[in-house]
Amino acid sequence: MDLKQYLESFSLLSEKDFSAEFQTHLYSLHDFHQNNCSYYRALIDNFYSENMFDHYEDLYSLPFLPVNLFKSYKLISCPDEEIFKVLHSSGTSGKTPSSIYLTRENARNQTIALSKIFTAFTKLKRPDILIIDSPDLISDRREFNARVAGIIGFRGLCRKSAYGLDSNYQVDLNSIEKFLENTTNQNILIFGFTWIIYKYFLQSKLPPSIREYLSKAVVLHGGGWKKLQSLSISRNQFNSIAKESLGTHSVLSYYGMIEQTGSIFMECEKGYLHSNPLASLICRSQLDLEPISIGNIGLAQVLSGLPTSYPGHSLLTDDLVEVIHQENCPCGRPGQAFLVHGRTKTAEVRGCSDTFRR
Ligand SMILES: [Zn+2]
């Protein structure tokens, strides 16, 4: 398994049908974790009959782990002493958090991957970033949750950064004005969690001078589906409200999870989330977990080409998705195009980005 080489081929792969290369890479990750994580091997031995995964013929027979296992077990595929960072999925929700163990190499690969996917979809190269969140979230680093991981991840791809909200989640006009005065960059990225942008930024009336500046920006948002649902607003509605109130043409969402940090799914110009050579998914029936065809809503099995320090390359989540195009999305990009429809009703609310810590 050569992840470095695979990452280097990202740009080339993302231009064509990458399914064969992705499948080979995922099975090599499966082999790697079988050899390096005794828990993973035991789980596979117990739950999969040999002939199920010995084919290596298609991705549907690739074994998957329920994502909640990371709450109960320390799943690692590297020596303990090589772990240098632990990501947690939840903070104060009272639920057990997932723990994701990273080596330096894995963390570095996450950064490289995020950069490649981000650039491929937005065409922005090192923009300045206006983060729609409170700076307190980052200074209080007791929790490294999805919101913090998102901010740190995207901030790392950008040149200058500033926060658009203050400690009380009020729009910080001083901070935004200073940011705009100091930016000579033609590219501005407005980034934040969807419901935070909606609740605290889009509801405020911005002065026309700021609005004019921000109208050229690209808005990138994601995370916290449950919270967005509780505000009774869909992603489509969010996109049009953001376009209208900021005057911007480009509003994109992304979908990803802390268990697969770095390999996110980005929204295309036609409004669908897309697979890419580092992230793909399989839609499975809620009744029997069999793969289901396009146009049907089922559970997302998410596949990532990145995890080497922990066996998180193939995870069954409680998110509901619908594949719209298996290939041939009208945007012209290769790979699947899909929509996320929130989470199963019975699912435990994940604390990660839905937990609002103030
Ligand atoms: Zn598309």
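First, the ground rules. The model is predicted, so local features need pLDDT of at least 70 and side-chain atom pairs count only at pLDDT 80 or more, while totals for chains, interfaces and linings use all residues. Residues are numbered from 1 along each chain as its sequence is written.

Let me start with the whole chain. The protein chain has 15 helices and 14 strands. Both are DSSP runs numbered from the N terminus: helices are H or I with at least four residues, strands are E with at least two. Along its principal axes, the C-alpha trace spans about 65 × 45 × 40 Å.

How much of the chain is buried? Of the 358 residues, 44% are. Buried here means 20 or more other C-beta atoms within 10 Å of the residue's own; exposed means 12 or fewer, and partly exposed lies in between, with C-beta atoms placed from the backbone.

On contacts: two residues are in contact if their C-beta atoms, placed from the backbone, lie within 7 Å. Among contacts with a separation of 6 or more, 71% are between residues 24 or more positions apart.

Now to strand β7, residues 218-222. This strand is mostly covered, with 4 of its 5 residues buried. Which strands does β7 pair with? Pairing requires at least two DSSP bridges between two strands. Strand β6, residues 188-193, runs parallel to β7 and is joined to it by 5 bridges. Strand β8, residues 250-255, also runs parallel to β7, again with 5 bridges. Val 219 in β7 shows both pairings: Ile 190 stands opposite Val 219, and in β8 its bridge partner is Val 251.

Last, the backbone angles. Most residues other than glycine have a negative phi. Arg 126 is not a glycine, yet its phi is positive, about 40 degrees. Arg 126 lies in the loop between α7 (104-122) and β4 (128-131). Arg 126 counts as partly exposed because it has 14 C-beta neighbours inside 10 Å.

Tyr 169, not a glycine either, has a positive phi of about 65 degrees. Its place is the loop between β5 (161-163) and α10 (173-182). With 17 other C-beta atoms within 10 Å, Tyr 169 is partly exposed.
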